[in-house]
Amino acid sequence: MRELWQFTKLIRSKNAGPFELTFDIMFKDENCFREVMASGKLSPELIAQLYKVNLKQVKFFVIESLLTVKISIPRPVFSGDVGDTDVYGGQFHGPLVQLQVETG
Amino acid sequence: MKKIKALSATGNLSTGFREETLVSAVQQGAHFIGCDAGTTDSGPYYLGSGKPRGPRDGTKRNLRIMIREALNARIPVIIGSAGHAGGTPHLNWTLDIVRELARENSWHFKLASIDSEIPKNLLAAAFREGRITPLCPAPDLQETSIHQAERFVAMMGIEPIQCALNSGAQVVIAGRCSDVAIYAALPVLEGIPKHIAFHAGKILECGSAAVAQRFYPDCMAAELDQDGFTMEPPNPTFRCTPQSIAAHNLYENSDPFHLIESGGTVDTTSAKYEAISDRAVRVTGARFIPAEKYTVKIEGAALAGYRSIVVAGIRDPLILRQLDTFLGGLRTVLERKIADSLKLNPGDYTLQFRVYGANGSLGQLEPCPHVEGHEVGLIFDVVAASQSLAQDILPIVWHTGLHHPIPEHQGLISNLAFPFSPPGADMGPVYRFCANHVWHLDDPCKPFRMTLENL
């Protein structure tokens, strides 16, 4: 069992405008990319559950040419609104970093 | 075959660049210098308050170098999203700096300013005509909420900038503007196909952010022709790689392959990125899909209240092990006290306990919301209808919190470590974004008001 960050060179979150959050997960190499994708752990279902959004609202892109997974979801609170905790959306990726990935 | 060299001074006008990089890039034959000065990333405060974000002196330094070099080389300077939010006060703040620079340096040039703030009655009329439609997700926008909001801007595409360039302006200061449009306007005017100009604009808009490793903010350059464009950083110590350029397409976009702009969508699904040296990348293969209807995006900010906060630490392990109960009990006591003292119901204000060390960063999305460390940082966050009301609520909150009991300690305790005296501060007005809509236009230039000025 390893954690997601051990397969990647970059995991980040950021606003995509004030109403959406976007996550970029860039893998170290093809092997790392394949292992994580084959594990099935990183999926739209996981994102929906972890970030408490409807599965239909999860945009999930697997970009093989860049060994990257990109995910976008609606913000739980719009950027800068009274209840927001992270105006730039730069720390929402936190729970993904230590995602437990089981590889064969 | 005509080639256009586009120079991006830096990712944000307030961030800056190295003077020697910009000077040498202009000398190498740039056809224009562009720079983005704004974003909605920093939240709704700037649009709502009308205040700029950037430091004035830093912005002036950057504009001084850009305009000086552009005047020497007889090329235009294009600034988009002036003063951060692109409203009328932000535009005027930037124009004031430009006029001051012209005076101080005895420069003479034609200045175009393009105001993108939309008067509320105009927007309300467009709303009534059904020309304002929501994107997804969007706040609920109604005619009444338009009138109650503080300020709206429309995000211009390439056309108003092209109009300013066609009028002979050498410095164009645009209000709220698509980042891409800053860099696509002139190349499209010169006959570069839109799919090339818009794709290059997307890579250029963050300055040197698209290099393999950005050691500090600096310039970026692209050479555009009929078949594609070549990205090469003018700073000789920076490198672009196919990976760094392609990856930049992802940044701050919700969709990695479809970039929606006024007038059409840039589809980069089949784009190719090839290294042509160890520092330069050739990009080809994007498509431009024209939109059926021309729209511009609307941004708006409305006042949500006034905030006062207190910062405190908690180190007592007995409080920390029951922090949720402690804060829950405190809230109950506070609601009663605030009602008794100020005749306010909980619905009249918001009181948030922001617990750093538990779920301060992620709020309701935190999967591990319990305290695990030996201390927490706490922000008591009050938002009320006026600053004086928030000021009245705040001392009740922190003083009650300071002495709120726990069963393990018998006698009066002081639970909160305040680093400051006074313990809190007023944060001023709080705004919220109140629109994520598009406006259907017959004329892409119509809501934007251009003014020409000979300095």
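Start by selecting helix α4 of chain B in this predicted model, then bring up what covers its buried residues: α3 (56–73), β3, β4 and β7 of chain B are included there. The buried residues of α4(B) themselves are T88(B), H90(B), L91(B), T94(B), I97(B) and V98(B), so named by counting 20 or more other C-beta atoms within 10 Å.

Stay on α4(B), residues 88–105, and check its length: at 1.5 Å a residue its 18 residues should span 26 Å, and the end C-alpha atoms are 26 Å apart, which agrees. Step just past the helix to S106(B), which takes a positive phi of about 50 degrees.

Next, pick out the sheet. Ten strands of chain B make it up, open and with mixed pairing, in the order β12-β13-β9-β8-β1-β2-β3-β7-β4-β19. Colour β12 (272–275) and β19 (449–454) of chain B: these are the edges, and each has a single partner strand, so one side of each has no neighbour in the sheet. Neighbouring strands here are turned by 20 degrees against each other on average, ignoring direction.

Strand β4 of chain B, residues 110–115, pairs with β19(B) in the antiparallel sense over six bridges. Click D115(B) and you'll find R449(B) of β19(B) standing opposite.

Now for two helices that lie across the strands. Select α7 of chain B (158–166): it lies across β3 (77–80), β4, β7 (171–174) and β19 of chain B, at about 155 degrees to β7(B). Then go to α9 of chain B (194–204), which lies across β1 (4–8), β8 (220–224), β9 (229–231) and β13 (281–284) of chain B and runs at about 170 degrees to β8(B).

Technical notes:
Residues are numbered from 1 along each chain as its sequence is written. Chains are lettered from A and ligands numbered from 1 in the order in which they are written. This is a predicted model: local features need pLDDT of at least 70, side-chain atom pairs count only at pLDDT 80 or more; totals for chains, interfaces and linings use all residues. Two strands pair if DSSP finds at least two bridges between them. Helices (H or I, at least four residues) and strands (E, at least two) are DSSP runs, numbered from the N terminus. Axes are lines fitted to C-alpha atoms, for helices over the stretch in contact, and angles run from 0 to 180 degrees between N-to-C directions. Two residues are in contact if their C-beta atoms, placed from the backbone, lie within 7 Å. The expected span of a helix is 1.5 Å times one less than its number of residues. A residue is buried if 20 or more other C-beta atoms lie within 10 Å of its own, exposed if 12 or fewer, and partly exposed in between; C-beta atoms are placed from the backbone.
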